[in-house]
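Please keep the display in view while I talk.

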Amino acid sequence: MNLFDVYPLFDITPVKASGCYVWDSEGNKYLDLYGGHAVISIGHSHPYYVEFISDQLHKIGFYSNSVQNPLQVELATKLGELSGYDNYQLFLCNSGAEANENAIKLASFVTGKKKFISFSKCFHGRTSAAVGLTDNPKIIAPVNETPNAIILPFNDVEAVKKAFDENEIAAVIIEGIQGIGGIKIPDENFLIALDQITKKNNSLLILDEIQSGYGRSGKFFAHQYFEIKPDIITVAKGMANGFPIGGVLIHPEIKPWHGMLGTTFGGNHLACTAAIAVLDIIKSDSLIENSDEVGSYIMSELEKINSDFTVRGKGLMIGLEFTVPVKKIREKLLSEYKIFTGISGANIIRLLPPLCLSKKEADIFLGAFKKVLVDINLLLVDQVN
Ligand SMILES: Cc1ncc(COP(=O)(O)O)c(C=O)c1O
């Protein structure tokens, strides 16, 4: 049987990883500024994480959601403490798309309404309702097209106010920072307006923190740079450092009923253990503070480079937007300097490294990046060093 060929693959086979480094099958060592697409939060193969999961596997790896699972309670308690949302409720599932799918369904249950507002260039996953809220025709199958999606320009308060005229809106969904859309940060007044408009109209505000959450932005959640309180927050990616899990944080006033949401694998013992280990390490290794400090350092160093790009981001979620395609820059970083980076569209390099990245590792990237810019004539050689 062949694999269903949906991914354009690099010709690299990673076989081991540690901290911010990955080794391929030929022994090459790569600096990972991509984090497996914002998934590696605490670094690869953290010894505490490895031991914690291995121990659990010797005890019990899975049983169904029809019995008590104290690991779910421990995870909810620790997540509440570290995120500042200790009075919220947690529903566990298996991925980001699934978290958003449940959030969408929940908002519709709670409000009795069915229309959703999302924003141009957003990405909320590839399940039916989530993909229906995006404006990327490449990923929407005919069955996903929905009259319930209202996709508005990003950061446009007036457009949102107008869409609420009919008061049929179950929820507004927005990323803490748009990831795939190109590291776009919502304006403070925009997020505050969304918070106020939804509250005034018996509608909910869903913050998709799947990429921007878990310390990536330099705060636990990116929206915590602003004074807002979403009704629902979705998480996944960095939550268990690569072990599949997703979560929906739900306002205390939203009441569940038995059977309202459900899943077979969600919240299983092994996934909860991985997610608890991640929270323990984020706290013990001060990774949110590190994300803020090293991210600010990288951005300030990048801003000193006099070339053809602009920098934006928060913490270790950084976008470098060029006026030209970045494919060559990314390829050169990888093949000549053994540095993994991400991209967004044709013109944006995305940096999403593990949150334990050191300034020394950041300097390795900065040095290589300048040399690549010189090589492709986007920087004068005398600006390197
Ligand atoms: C903001 C955001 N939401 C949702 C998702 C979907 O997550 P998953 O791929 O785990 O389904 C992603 C994945 O890239 C994402 O970046």
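Predicted model: local features only at pLDDT ≥ 70, side-chain atom pairs only at ≥ 80, totals over all residues.

Let me begin with a definition: a residue is near a molecule or strand if its C-beta atom, placed from the backbone, lies within 6 Å of it. With that in mind, 14 residues surround the ligand, and the closest are G96, A97, G125, I210 and Q211. The largest share of this shell, three residues, is supplied by helix α4, residues 96-111; helices here are DSSP runs of H or I with at least four residues, strands are runs of E with at least two, and both are numbered from the N terminus. Sorted by class, the shell holds five nonpolar, seven polar and two charged residues, where Ala, Val, Leu, Ile, Met, Phe, Trp, Tyr, Cys and Pro count as nonpolar, Asp, Glu, Lys and Arg as charged, and the others, Gly among them, as polar.

Residues are numbered from 1 along each chain as its sequence is written.

Now the chain as a whole. It has eleven helices and 15 strands, and along its principal axes the C-alpha trace spans about 65 × 55 × 45 Å. With 385 residues, a compact globule would have a radius of gyration near 21 Å, and the chain, at 21 Å, agrees with that; the radius is taken over C-alpha atoms, and the globule rule is 2.2 Å times the number of residues to the power 0.38. Of the 385 residues, 46% count as buried, meaning that 20 or more other C-beta atoms lie within 10 Å of a residue's own, whereas 12 or fewer make it exposed and anything in between partly exposed, with C-beta atoms placed from the backbone. Among contacts between residues at least 6 apart in sequence, 73% join residues at least 24 apart, a contact being two C-beta atoms, placed from the backbone, within 7 Å.

Let us turn to the sheet. Seven strands form an open sheet in the order β4-β10-β9-β8-β7-β5-β6, with mixed pairing; two strands pair if DSSP finds at least two bridges between them. Strands β4 (89-93) and β6 (149-152) stand at the edges with a single partner strand each, so one side of each is left without a neighbour in the sheet. Neighbouring strands are turned by 20° against each other on average, direction ignored, where axes are lines fitted to C-alpha atoms, for helices over the stretch in contact, and angles run from 0 to 180 degrees between N-to-C directions.

Within this sheet, strand β8 (residues 204-208) runs parallel to strand β9 (residues 232-235), joined by three bridges, and I206 stands opposite I232 in β9. Helix α7 (residues 188-200) packs on the sheet, touching β7 and β8, and its direction makes about 145° with that of β8.

L205 is buried, because 25 other C-beta atoms lie within 10 Å, and its C-alpha atom is 7.1 Å from that of L194, eleven residues away in sequence.

Two backbone angles deserve a look. Most residues other than glycine have a negative phi. N202, however, has a positive phi of about 50°; it is found in the loop between α7 and β8 and, with 13 C-beta neighbours inside 10 Å, counts as partly exposed. K237, in the loop between β9 and β10, also has a positive phi, near 25°, but counts as buried, with 28 C-beta neighbours inside 10 Å.
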